[in-house]
Amino acid sequence: MKWISTRGKSKPLTFSEAILEGLAPDGGLFVPEYFSNIQWQQWNEQLTYQDIAYHVILPFLLGDRLEAELKDMCKIAFNFPVKLKTLTNRVSILELFHGQTAAFKDFGARFLAECMVRNNHEKKEILILAATSGDTGGAVAAAFHQKPNIKVGIFFPRGKVSKRQEKQLTCWGENIFSFSVNGTFDDCQKLVKEAFTIAKFKDQFHLTTSNSINIGRLLPQIVYYFYSSIEFYRQHSSKPNIIIPTGNAGNATAAFWAKMMGAPIDHIILAVNENKVIPDYLTTGNWKPKQSLTTLANAMDVGNPSNMERLIHLFNHYKESYDWVSAYSVSDDEIRQTIINTKNECNEIICPHTAVAMTIYKRCLSNKPAIVVSTAHPAKFENIVEPLIHQSILIPPTLNDLLELPSKCTEIEPLLDYVNF
Ligand SMILES: *Cc1c(COP(=O)(O)O)cnc(C)c1O
């Protein structure tokens, strides 16, 4: 299996090569040369999540030097539960927040870490640089903490992440270096880009980033769409519609790839906040990135979703896939109302991102079989959720353990002069 660029001007690479590159040399994103069909109907019902992960990811690694290690990688990366919770007789919630940092980013970050550790055949250490406005940096730090021959630099805007998010970015030490930047998220991104051009970093390290365009983060996200749609299909004898809280559309791309490979999924519905470039594109056919707006679902505040290039490539090359998609936008007022209603009607506390998807279920899909994807634990957004439901949220033990560790970080101006690893 080779990985090709969406822009078609780079030479096809193996999986191992593509994860070290991140972005294709022509500026495009890596996509698989073809999609294998998974014969899940023949699976034994006792397969574990890790077994399913192995079967789903294997076709993408055929012939790669990591193929022989995939079983071990799945065992180590997916060491936490995935829960499909029945909400009513038509709708289930897919809880993806039982990992260490309580958001679905743990799946991608942990699998990428297993890839990188085994893929480091150069003499140089790997240095992973990440600018973060919230969840990604914490998941990457947790996943790479204490991994040999790898260092991680995290840049976050001081005072612009929540207290609990900041703790997840700064509680690690050892090979994780956290920088609290006196600036904005854009300043942090600029620092990361600039670092790639600076000799003292380039000479010493193999530099790379860990953002959601890396296929090492995307592949593990396909697995939970297989797992949950098969489970739903076995329970209900009907294919679920999948409603996905969407920002950069990495999670949505993984759902499309799962359906391409035969997962029993009906439609795929992209639920966005007031950043509505994706629904606008589907109604007008024009792709028009915008400045991002700040909303209550801040991990989805994206005006130029990077993975849309992969989805548009899919729509162009596999015309049928265009018929599977729809996208809708939700306001902050609706997010608040849905958090309250879901608590009152179903006794379920959901995070603002999950509430975006739940709003779309109520508005557009009532009474159709559906899986609502839940991307984060509500305790990460207690400042928004608790005042609405007038109740404090129990913190999951894994998250609580992190919150009790001391913080270590370096405060910097938006300059690389004082940055060392
Ligand atoms: C990152 C994130 C999203 C958006 O996922 P994409 O793959 O970027 O579309 C949604 N919810 C939460 C909680 C996130 O952290």
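Which side chain meets that of E382 in a salt bridge? The points below answer this and describe other features of the structure.

1. Basis of the note. This is a predicted model, in which local features need pLDDT of at least 70 and side-chain atom pairs count only at pLDDT 80 or more, while totals for chains, interfaces and linings use all residues. Residues are numbered from 1 along each chain as its sequence is written, and side-chain values use heavy atoms, with hydrogens and water left out.

2. Side chains of opposite charge can pair when their charged atoms come close. The partner of E382 is R164, with an N to O distance of 3.5 Å. This pair links distant parts of the chain, since E382 belongs to helix α15 (residues 382-389) and R164 to helix α6 (residues 163-170), 218 residues apart. Helices (H or I, at least four residues) and strands (E, at least two) are DSSP runs, numbered from the N terminus. The whole structure contains 14 salt bridges, each defined as a side-chain nitrogen of Lys or Arg within 4 Å of a carboxyl oxygen of Asp or Glu.

3. Ligand shell. The ligand is surrounded by 15 residues, and the closest are K105, D135, G247, N248 and A249; a residue is near the ligand if one of its heavy atoms lies within 4 Å of it. This shell divides into six nonpolar, seven polar and two charged residues. Here Ala, Val, Leu, Ile, Met, Phe, Trp, Tyr, Cys and Pro count as nonpolar, Asp, Glu, Lys and Arg as charged, and the others, Gly among them, as polar.

4. A side-chain N or O atom of K105 is 2.6 Å from an oxygen atom of the ligand.

5. Largest cavity. On a 1 Å grid over the protein atoms alone, a cavity is a set of points where a 1.4 Å probe fits but cannot get out, and lining residues have an atom within 4 Å of a point. The structure holds one cavity of 30 Å³ or more. The largest cavity has a volume of about 40 Å³, a volume being the space filled by probe spheres set on grid points joined across faces, edges and corners. Its lining includes T246, G247, V272 and N273, and comprises six nonpolar, four polar and no charged residues.

6. Backbone angles. Most residues other than glycine have a negative phi. N149, in the loop between α5 (135-144) and β6 (150-157), has a positive phi near 65 degrees. N367, in the loop between α14 (352-364) and β12 (370-374), has a positive phi of about 75 degrees.

Notes
A polar contact is a pair of N or O atoms within 3.5 Å; within protein, one must be able to donate a hydrogen and the other to accept it, and residues adjacent in sequence count only if both atoms are side-chain atoms. On a 1 Å grid over the protein atoms alone, a cavity is a set of points where a 1.4 Å probe fits but cannot get out, and a pocket is an open set with protein on both sides within 12 Å along at least five of seven lines; lining residues have an atom within 4 Å of a point.
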